[in-house]
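Here is a friendly note to read alongside the structure. Keep the viewer open and look up each residue as it comes along.

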Amino acid sequence: MIDFRPVGYVIGLLVSALGATMLVPMVVDMFVGNGHWPVFLESAVITCLSGGLVAIACANGRAGQLTLQQTFLVTSLVWVVMPVFGGLPFVFGATASSATDAFFEAMSGLTTTGATVLSGLDEMPHGLLLWRSLLQWFGGIGIIVVAMVFLPALRIGGMQIFRSEAFDTQGKILPRAAEIAARISWIYLGLTVAAFIMYAAVGMTAFEALCHALTSISTGGFSTTDASFAAFKGAPEYVAVVIMVFASLPFVLYVHMLAGSARALWTDPQVRTFIGVLLVISAALTLHQTVIDDRALGLAFREALFNTVSITSGTGYASTDYQAWGAFPICLFFFMGLIGGCAGSTSCSIKIFRYQLLFSVIGAQIRRIHSPNGVFSPRYAGRTIDDDVISSVIAFFVLFTVSLGVLAILLGITGLDFISSISGAASALANIGPGLGPEIGPVGNYGGLNDTAKWLLAIAMWIGRLELLAVYVLLTVNFWRAA
């Protein structure tokens, strides 16, 4: 039988830490003087006490090392429990959100999805706006640690291919997982500070720069205004592009760079492919706007580049209603959201490396058909891909496709139209943010959906953020028997 005490202990500590961070927006509201600060004090007390009591109750069962089953449980359950408490300020605060809306907003924040049910952001208290941004920032660093430490060890979705790279630099024994997480955290903080400075330098207020720095480096997409990035035309869009691209690259490569190996970043096959995809799609959209819509080249390029990077990385900012560009761009935006950034980054969706592995497998199979007597092995970055990795990646693609179809059908049953159902399912499962259609498109939000649809989407955000298999394995009988 699984000992749940170590699981409860870890989750209790993390919940208590989340409660402590609620004091930050409380101080901001006190400084601004809007009278909203008691909301965060009350939420912080409830959260800290709840997490602390659970941690104390489970302290006698803490272990030096979690078992495989306990690791799966911690990885999955922490992303369910945290939104419950992260949503308290939305329930008690100015938004007076229902439990459904509060959980949806907090889940969207911590999974860095960026889908929102809230409107009236321009008049919202500063503390709540900052809290939304902080939730995404915490989720961003959290998913990097999960991707670098837990998913490779759990052999999830082909991530085991990066297991040795995550813990080995230049052939030397690298630091333990905790030390790597610490290094990545400092890099994450440094990039956030750099993003803040860059945003402030191009005209954002200090508060706007802070919130957008937090949500850009986490590829989250929450903004301080209902207009999203349409309120920050021009130079801020180019700054955001740079930040979103850096956030979508493997953070372990930044660790390598600090260790004196800058070449690793530019030679990584994921990075080259990701940048190439962004440039090709941006060029295609720019060409479409200038030729079909007769728009100015500079404007067309800026909007195409910004929205391409935003959707492909899973950030979900929108600087314009790109649905008005025509049928071809709409189809392109739907599929580019299913690409994602690099493994080990804050970006979401399927990820570049899985497509590379899949195409390598397909290519090897085609060569076998042409030359039955030949020996052809799928390769990635010059290395032969293990069968274990191949089967894991194929399982991920199958599960993603099936999950997308089932979720779209369920959303349709709740009353959503086809476009909203399929795009909403893709947006939640790939943690993109905006969907398509007049209601959940780039100029809308999810506030008008029924509660059933919101819960389905919130669950999909959770499943998608943890690469599907980390959650689905909990539904198998063998998982519980293995304990």
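Which helix gives the most residues to the nonpolar patch? Helix 3 does, with 5 residues. Please keep in mind that this is a predicted model.

1. **The nonpolar patch.** Leu23, Met30, Trp37, Leu41, Val45, Leu49 and Leu53 make a nonpolar surface patch of about 640 Å². Two elements, helix 2 (23–32) and helix 3 (37–58), each give two or more residues to this patch.

2. Is Leu53 buried or exposed? Its relative accessibility is 58%, so Leu53 counts as exposed, because the cut-off for "exposed" is over 50%.

3. **Salt bridges in general.** Now for the charged residues. Side chains of opposite charge can pair when their charged atoms come close. Searching the whole structure turns up 8 salt bridges, and the next points visit some of them.

4. **Asp101 and Lys454.** These two form a salt bridge in which the closest N and O atoms are 2.6 Å apart. The pair links distant parts of the chain: Asp101 sits in helix 6 (residues 99–110) and Lys454 in helix 20 (residues 451–465), 353 residues apart. Asp101 is buried, with a relative accessible area of 17%. Lys454 is buried as well, at 4%.

5. **Glu303 and Lys233.** Here the closest N and O atoms of the salt bridge are 3.4 Å apart. Glu303 belongs to helix 15 (residues 297–312), while Lys233 is in the loop between helix 10 (206–217) and helix 11 (235–247), so this pair ties together parts that are 70 residues apart in sequence. How do the partners sit? Glu303 counts as buried at 3% relative accessibility, whereas Lys233 is partly exposed, with a relative accessible area of 39%.

6. **Arg302 and Glu237.** Arg302 forms a salt bridge with Glu237, and their closest N and O atoms are 2.3 Å apart. This pair, too, links distant parts of the chain, with Arg302 in helix 15 and Glu237 in helix 11, 65 residues apart. Arg302 is buried, with a relative accessible area of 15%. For Glu237 the value is 0%, so this residue is buried, given that "buried" means under 20%.

Notes. Residues are numbered from 1 along each chain as its sequence is written. This is a predicted model: local features need pLDDT of at least 70, side-chain atom pairs count only at pLDDT 80 or more; totals for chains, interfaces and linings use all residues. Side-chain values use heavy atoms; hydrogens and water are left out. Patches are made of residues with over 30% relative accessible area and no salt bridge: like charges are joined within 9 Å, nonpolar side chains (Val, Leu, Ile, Met, Phe, Trp, Tyr) within 5 Å. Accessible areas come from the Shrake-Rupley method with a 1.4 Å probe; for residues, only the protein chains shown count as cover. A salt bridge is a side-chain nitrogen of Lys or Arg within 4 Å of a carboxyl oxygen of Asp or Glu. Helices (H or I, at least four residues) and strands (E, at least two) are DSSP runs, numbered from the N terminus. Buried means under 20% relative accessible area, exposed over 50%, partly exposed in between (1.4 Å probe, protein chains only).
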